[in-house]
Amino acid sequence: MELSIGFINDVHGYLEPHPELFYGKDGEYIKTVGGYAKIASVFEKIRNENEYTLFFDGGDTFHGTLPVVDSKGEAIIPVLRELGFSAMVGHWDFAYKPEHLLNLEEQLDYPVLGINVYKEDGPLLLKPYCFIEVGGQKIAIIGICANIIDKTMPSAFKQGIYVTDGMVEIAGYVKEVKELGANMVILLSHNGYPQDIELLKNTKGIDVCLSAHTHNRLYETVKVNDTIVIQCGCHGSFVGHLKLSISDNKIARHEYELIEVDGPIVGDKTVERMINDIMASYRSLQKQVVGKTDTILHRYSVFSSSMDNLLLKAIAKAAGVDIAFSNGWRYGAPIDKGAITVWDLYNMVPMNPAISVVDIIGQEIMDMLEENFEHTFSASPMQQMGGYCKRYLGLQIKFHIENPYGYRIEEIYHQGEHLNKEKVYRVAYITEQGVSNKYGGNRTHLETTAVEALITYLNDSSDHSDNNFSGQ
């Protein structure tokens, strides 16, 4: 039996074709790719080539662009139903509280799975697995949601739940589905690529892992023991197509293609109409130019990013301080050289949070950054809880990735002098992921939002021809 699997992950609400970052011999460049209408066409082509076909969504679906955030995920439901998925998992999908994710699931015709998300009183919040029978095969889909939902995300995500990394539970569920007759086991995971590799090294009986969260573009399959692993970038820019030849209830061979969802693909007309309806009230934002950039703005770098350099400069100026922090978010479509629109700004920060300021002593800054470096670079994959490195403005930091937790920072400079561990610094940030509530005091939330600050900053930058945001 020949089975085809179509997979997308970390679309982050990108309904339409959008700028995406690519790499060539001359460096970084931007192409327009993606969009659910084109994804639907790719799915249809896969479906037409093989009657035995399944489609999966790796999560980070109900958050990331303004129409999706404004509607708390509701707007995208008809599009998802049209694409014909069999299951999904989640992370940012918990943004509007776990109870709301259950409401969204009720409107879908497939489950949100998770063996590792528990209600505070003990039982699972989500179904741990589902079965699909196709071509004489009984296939079990086991889901794992992001283990960081209750650890590094805002408080709404974890209301009434707690989340594990799934390491303890997974073997039991693999055994359970096999006892119930599963011929094949697929793990649908939003833990992240390093975490999935670690889990698969210690788990037997999983045939395929559909990995998500870390936005890896895997152009070839990866094997961990006997498990085939794929992950397909982000923002819906790629579709993974895994073809399995199954004989005697085993995968005899496989083929894989990471399909770029690019210009030559004609979008599905039904899905296009749906998206046009969703986007109608937002079109003016796509036309409203508020500035320009001489550099590509993106978040695809681990240590710092041009997009967040712009964001932090705007936040700091609005707050009247010279130190600012934001989270190391991975999502947010790049912005090519040239005009910047209000739509672009909302793609940076679709939740448009208020700017906050807090008093924080130098030692707390060091502790906060050491914690973040551990979350990003921990030698133990299950302790990696990124995103990327926390973004910062106004500091110069020398650190060593290879050092253990608590010993990575060698020096921090502020205004040309070593950071004073006992001095109080007034700093700006956005969201509790920027500076969590356990650090600092005298916290104030300004009336100015991130998008308002960005518009003001870009207007001033245009007046002074300061449009290079590649450095801090």
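Trainee: How many salt bridges does the structure hold?

Mentor: Side chains of opposite charge can pair when their charged atoms come close. A salt bridge here is a side-chain nitrogen of Lys or Arg within 4 Å of a carboxyl oxygen of Asp or Glu. The structure holds 18 of them. This is a predicted model: local features need pLDDT of at least 70, side-chain atom pairs count only at pLDDT 80 or more, and totals for chains, interfaces and linings use all residues. Residues are numbered from 1 along each chain as its sequence is written, and side-chain values use heavy atoms, with hydrogens and water left out.

Trainee: Which parts does the pair of aspartate 460 and lysine 317 tie together?

Mentor: Their closest N and O atoms are 2.7 Å apart. Aspartate 460 lies in helix α13 (residues 450–463) and lysine 317 in helix α9 (residues 306–319), so the bridge ties together parts 143 residues apart in sequence. Helices (H or I, at least four residues) and strands (E, at least two) are DSSP runs, numbered from the N terminus.

Trainee: In what order do the three strands of the open sheet run?

Mentor: Strands of a sheet pair through backbone hydrogen bonds, either parallel or antiparallel. Here the order is β21-β22-β23, with antiparallel pairing; two strands pair if DSSP finds at least two bridges between them. β21 and β22 (residues 409–414) pair over four bridges.
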